[in-house]
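Work through the exercises below with the model open. Try each task before you read its solution.

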Amino acid sequence: MNFNISKKEIRDTILDIRKSFDIEYLNRLSNVICNRVIKQEAYINCKNLVLYMPINNEVNLDILMNKGFQDNKRIWIPKVLNKNMEFYRITKDTKLIKGAYGILEPDCEEILIPDNNTLIIMPGAAFSEDMGRIGYGGGYYDKYLSKHTCCKTIAVCYNFQIMPMIPMDEHDIRPDIIISDDNIFIKKEI
């Protein structure tokens, strides 16, 4: 497929739009999105719940984190070391410190060994109705998921981040499900 617009142009445009919204409005949408995730079989059945620490008006996952703790799920968040991303277990008492890109990371040592009971909630800049995802350009989730194909994935975003189609490269990993405040797109039942 030939696109006249690059991933970088799409990413920059969508992120500029996302930054323009009021945080209280986005938090209301985030609550809708998190409550939709909680109803998914992939969430209900997972034992390991991988979240991210939101920055730059990303979908806020506070409700999902609190519900995960309440449901006795093991919660993991990313830490980037030497251009690689791993997920580290957190508890309600885990200290968070600024890490790569100024994102909060857990100050702990227990690394996730993923299995088919692992659900990864993915952020991103732009998404498409055919399950495409444009991240932030580092390829961290694509690299991780290409090594750990057993993981189930749900990408979360606001509806304005979804386009009919976006350019995709061969190495790009498509999420199993994309959930926004208005839509749910499913690649496969998980």
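Predicted model: local features only at pLDDT ≥ 70, side-chain atom pairs only at ≥ 80, totals over all residues.

Residues are numbered from 1 along each chain as its sequence is written, and side-chain values use heavy atoms, with hydrogens and water left out.

**Exercise 1.** Find which residues touch the most other members of the largest nonpolar core.

Solution. Start with the term: a nonpolar core is a set of buried Ala, Val, Leu, Ile, Met, Phe, Trp, Tyr and Cys residues joined through side-chain atoms within 4.5 Å. Buried means under 20% relative accessible area (1.4 Å probe, protein chains only). The largest core has 48 residues, and Leu64 and Ile121 touch the most other members. Helix H2 (residues 23-38) gives the most to this core: six residues. Helices are DSSP runs of H or I, at least four residues, and strands are runs of E, at least two, numbered from the N terminus. A second, separate core has five residues, including Ile10 and Ile166.

**Exercise 2.** Identify the strands that the buried residues of H5 pack against.

Solution. List the buried residues of H5 (residues 140-147): Tyr140, Tyr141, Asp142, Tyr144 and Leu145. They pack against strands S2 (74-81), S3 (84-90), S6 (118-122), S8 (133-134) and S9 (152-156).

Methods
Buried < 20%, exposed > 50% of the residue type's maximum accessible area, 1.4 Å probe, protein only. Contact = heavy atoms within 4.5 Å.
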